[in-house]
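Please keep the sequence and the coordinates at hand while reading.

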Amino acid sequence: MAGRWIERWDPEDETFWKEEGERIARRNLFFSVLSEHIGFSVWSLWSVMVLFMGPEYGVDPAGKFFLIATATLVGALIRVPYTFAVARFGGRNWTVFSALALLLPTGAAFAVMEPGTSYGTFLAVAALTGVGGGNFASSMTNVNSFFPLRKKGWALGLNAGGGNIGVPVVQLVGLLVIGLAGAAQPRIVLGVYIPLIVLSALCAALFMDNLAPVRNDTGAAKEAAGDPHTWIMSFLYIGTFGSFIGYSFAFGLVLQTQFGRTPLQAASLTFVGPLLGSLVRPLGGSLADRLGGARITLWTFAAMAAATVAVVLASVSGSLPMFLAAFIALFILTGLGNGSTYKMIPGIFRAKALAGGMTGEAAEAYGRRLSGASMGLIGAVGALGGLAINLAFRQSFLAAGTGTGAFVAFLVCYGVCCAVTWAVYLRKPARTVAPAATTETKPQFGYAEV
């Protein structure tokens with residue numbers, strides 16, 4: 001796929017940005033959102049399919065949580081190669097390929113989704129849906145290259161939010177199918193998505209671009225992997241995106257298992273939290289642009305801890321209204337945190353460049369180079385948080401028949417995330433940053449504005 005390549009790209013140049021860069025970047029952002037949206041829907045497919053799996057399928061709640069966890073795991077791991085594929089093949093070219101790859105898990109699910117299919121077959125097909133999770137990493141890396149630093153929070157938030165909405169949309173489609181055709185017709189959901197996958201690939205081929213200045217840089221990947229901030233941000237992203245995707249996949253099953261909701265009742269509630277969490281993600285990025293990503297992230301984790309306390313109380317008392325209100329608040333907060341944490345990443349590496357003596361375009365280029373390389377690792381590790389959440393639910397229901405134990409563990413995690421965010425990025429006096437390009441002693445540089 002030779003595609004079309006843009007040879008010169010300098011978004012930090014305000015003249016270039018106003019005359020042609022912004023128009024091109026926005027066009028690529030729009031169609032990137034479309035493709036990523038479909039990818040998220042496919043990745044979260046089994047959060048819907050398990051609602052169709054009645055007693056005739058012979059799969060207990062623990063087995064259903066494991067199906068969801070398998071899709072989460074594969075989707076997390078595949079994000080790493082997807083991140084570097086953009087530079088190797090071009091953003092447009094890889095978007096076309098990754099969109100068409102979604103036909104494999106969707107078609108496989110269409111073929112096997114019926115009673116009598118072995119659990120091992122369901123497990124293998126659930127693993128295939130993980131390719132949809134990879135679309136996020138390649139899309140975010142691609143969009144990161146198109147936009148200047150001052151616009152990254154908004155652009156990355158919009159891109160990720162539009163993709164995240166794929167979760168509640170597929171759940172809403174599942175609700176409509178259950179409500180109109182009954183819980184015995186899961187193939188209708190799959191039939192809806194097959195033509196949409198083809199459409200997203202066609203749009204990417206016709207309207208997106210490749211950036212020639214973006215080249216695969218194995219040195220950047222190695223440097224990002226060796227930087228402690230990559231792993232600190234990965235941990236914080238576990239708390240935000242890991243929570244979002246884990247809760248999105250498990251919410252309906254928790255309602256069925258702990259509160260005795262029917263498939264239709266569960267489906268009518270499942271999509272609300274992911275939808276609101278997706279819609280506020282761009283707001284999290286925009287607030288981070290104005291107030292600083294670290295500040296928004298800290299406030300978000302504190303609020304998530306408070307909401308989790310309410311969830312625990314509701315779980316213990318068996319209050320469904322309180323549980324729903326607190327859980328939906330958690331979804332909204334994860335969306336805000338998703339936007340703010342991703343805004344922090346390019347700012348952190350730019351701050352390192354400035355602390356190391358770089359200035360101007362050199363600092364901006366260093367920030368783009370390292371942030372683009374680190375996003376795949378951060379996205380992959382963060383998505384593993386979704387795996388941990390589903391495994392925690394599985395163990396909690398096996399041991400006690402409720403999700404209370406899992407929620408207590410999540411509460412502790414949010415407390416630790418608060419402490420790490422404050423200690424590393426907001427504590428005064430500012431921490432000393434290791435120089436990015438020189439061994440000379442440099443002044444301290446704080447991260448409060450990232």
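D209 forms a salt bridge with R4, in which the closest N and O atoms are 2.9 Å apart; the term stands for a side-chain nitrogen of Lys or Arg within 4 Å of a carboxyl oxygen of Asp or Glu. This pair links distant parts of the chain, since D209 sits in the loop between helix 11 (187–207) and strand 2 (210–211), whereas R4 belongs to the segment before strand 1 (5–6), 205 residues away. Helices (H or I, at least four residues) and strands (E, at least two) are DSSP runs, numbered from the N terminus. By the salt-bridge rule the count comes to 7.

The model is a predicted one, in which local features need pLDDT of at least 70 and side-chain atom pairs count only at pLDDT 80 or more, while totals for chains, interfaces and linings use all residues. Residues are numbered from 1 along each chain as its sequence is written, and side-chain values use heavy atoms, with hydrogens and water left out.

The domain assignment, which comes from an automatic or database source, gives domain 1 (16–214) and domain 2 (216–426). Their C-alpha centres lie 19 Å apart, and the contact (heavy atoms within 4.5 Å) takes 45 residues from domain 1 and 56 residues from domain 2. Between them the two domains bury about 4300 Å², 76% of it on carbon and sulfur atoms, where buried area is the accessible area (1.4 Å probe) that two parts lose on being put together, summed over both. L51, F65 and L149 supply 17% of the area that domain 1 buries against domain 2, more than any other three residues.

How many salt bridges are counted between domain 1 and domain 2? The count is 0. On the side of domain 1 that touches domain 2, helices 1, 2, 3, 4, 8, 9 and 10 each supply at least two residues, and the largest share, 11 residues, comes from helix 9.

Within helix 5 (residues 91–101), W94 and F97 are separated by about one helical turn, because they are 3 residues apart.
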